[in-house]
Amino acid sequence: MEQATEAPLKKTPLNARHRASGARMVSFGGWDMPVEYSGGIVHEHMAVRTRAGLFDVSHMGEIEIAGKDALAAVQRISSNDASRLQVGQAQYSGLLSPRGTFVDDLLVYRLAPAHFLLVVNAGNIAKDYAWIVEQIKPVGDAVAVDASSRYALLAIQGPAAQEVLQPLTGVPLDAIKYYWFAHGEVASVRATISRTGYTGEDGFEVFIPPQSADRVWQAILESGRAAGVIPCGLGARDTLRLEAAMRLHGNDIDETTTALEADLGWIVGWKKDDFVGAPALRAQRASGVKRKLVGFEMMDRGIARHGYDAYVNGAKAGTVTSGTQTPFLKKAIGMAYLPVEHIAADTEFDVDIRERRIRARVVPMPFYKRQK
Amino acid sequence: MAAYPSGFKYTKDHEWIDIAGDRGKIGITDYAQQQLGDVVYVELPEVGAKLKQGQSFGTIESVKAVSELYSPVSGEVAEINTSLKDKPETVNSDPHGNWMIVIKLTNPGETRALLDASQYQDLIK
């Protein structure tokens, strides 16, 4: 049963544009968002893999941390090592609990030596902000601000992304390396352009003032018309990120799974000073993780979905966290937590799909890797 | 958008049945396929399976979700559309042409409770 008292859904500045464009809208993390446009998820997925697609990801949250001790504050709450970021550079990281589990995952941008921008998941903004404020209190001169309402965020993703975006900006996009960003204008609108994304393709995420979102959205679509750029919804965003084996908070990682179990040891700054979750992760690393997130593909017909049980030798051994039939690879793939004795590539196990055991096999991640 | 054939009967769960004699072809409606999005998998029963009205006879999966298929009438499965195994996407392109099962009706009186095309179109307005 749905709660009768649910708060009204939040809307991005492009909500009316999506509705006018024939998008099918769904509730996601408290937001009214397009899941797909009239062409459907498969069409949008293939557009991103072969040309480019434009996503409204303005629902994502932006939290800024500034002040003399901003770096120390970020270092305390973010698992990755922010001291390695130069101004103009970004990194993927975790916002961890004292148990080393995920309050959220995020991107950390270094805007200035003592000014950081954290991009967090839409459904977690209020929780993350409260958590961050509490955790950085002892740090000294650093203040966190929930700046989410000051940003709209568009993602142009796909092999044609650069050629579509370049005519709209004076920023030389060629010079922006992967996980770096630059400030400038897009379609005469003040913008921060970062070479990041959640699709496994080359592409850019463009931060702009909300009041100009529609103008920039339309300009990018217009610029990309000849290249076949189309608007894409959250459905394709999910199938694309899964092919690229990018974790989704709430599905693959959450407050019950640690960074090591999620096989994200690379976003843990082992060499930096203490941070929230570090003692737990160090202990877990010393004693050895018991389970790990692995990629799998179905060997027999059937699609594993989030929450389905995994069985090894007839006994329940783990849980599927994501799964779909992928449009580009045309296979049923997924991610699951399995005991570490059963995570080697080609290990076979079963997924319970509506009370039938369907065979699956562990495969290396990512499932899809773009040609460079 | 596909038209809703006036000769079909419809359920509130968005299946259609096209009855000829004591047999009926069963599929899902254009509205249902639009709601589902890209269909990637259709799981159908064995020939000979006995179904009650409203009972699940299989599942249909789109990229984003799984849905049950419900039989509009009671009966026995006489045929299944095996072409959907390799071409599930034809449910999207021609929902009213691509039947899923043929059922041999055991209680034809049940069809009186089903919707006709105009009633169904009112339902999905």
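Guide: Helix α2 (residues 41-50) of chain A lies across β3 (53-56), β9 (152-157) and β13 of chain A, and runs at about 115 degrees to β13(A). Helices (H or I, at least four residues) and strands (E, at least two) are DSSP runs, numbered from the N terminus. Axes are lines fitted to C-alpha atoms, for helices over the stretch in contact, and angles run from 0 to 180 degrees between N-to-C directions. Two residues are in contact if their C-beta atoms, placed from the backbone, lie within 7 Å. Helix α6 (residues 213-223) of chain A also packs on the sheet, where it touches β3, β9, β10, β11, β12 (203-208) and β13 of chain A. The direction of α6(A) makes about 10 degrees with that of β9(A).

This is a predicted model, in which local features need pLDDT of at least 70 and side-chain atom pairs count only at pLDDT 80 or more, while totals for chains, interfaces and linings use all residues. Residues are numbered from 1 along each chain as its sequence is written, and chains are lettered from A and ligands numbered from 1 in the order in which they are written.

Now the sheet itself. In chain A, six strands form an open sheet with mixed pairing, in the order β10-β11-β12-β9-β3-β13. Its edge strands, β10 (181-186) and β13 (230-232) of chain A, each pair on one side only; two strands pair if DSSP finds at least two bridges between them. On average, neighbouring strands of this sheet are turned by 30 degrees against each other, direction ignored. β10(A) pairs with strand β11 (residues 189-194) of chain A in the antiparallel sense, over six bridges. In this region A:F181 stands opposite A:S194 of β11(A).

The largest nonpolar core has 132 residues, and A:L154 and A:I156 are among those with the most contacts inside it. Such a core is a set of buried Ala, Val, Leu, Ile, Met, Phe, Trp, Tyr and Cys residues joined through C-beta atoms within 7 Å. A residue is buried if 20 or more other C-beta atoms lie within 10 Å of its own, exposed if 12 or fewer, and partly exposed in between, with C-beta atoms placed from the backbone. Leaving aside neighbours within four places in sequence, A:I156 is in contact with residues including A:L54, A:F204 and A:I220.

After α7(A) comes A:A245, with a positive phi near 60 degrees.
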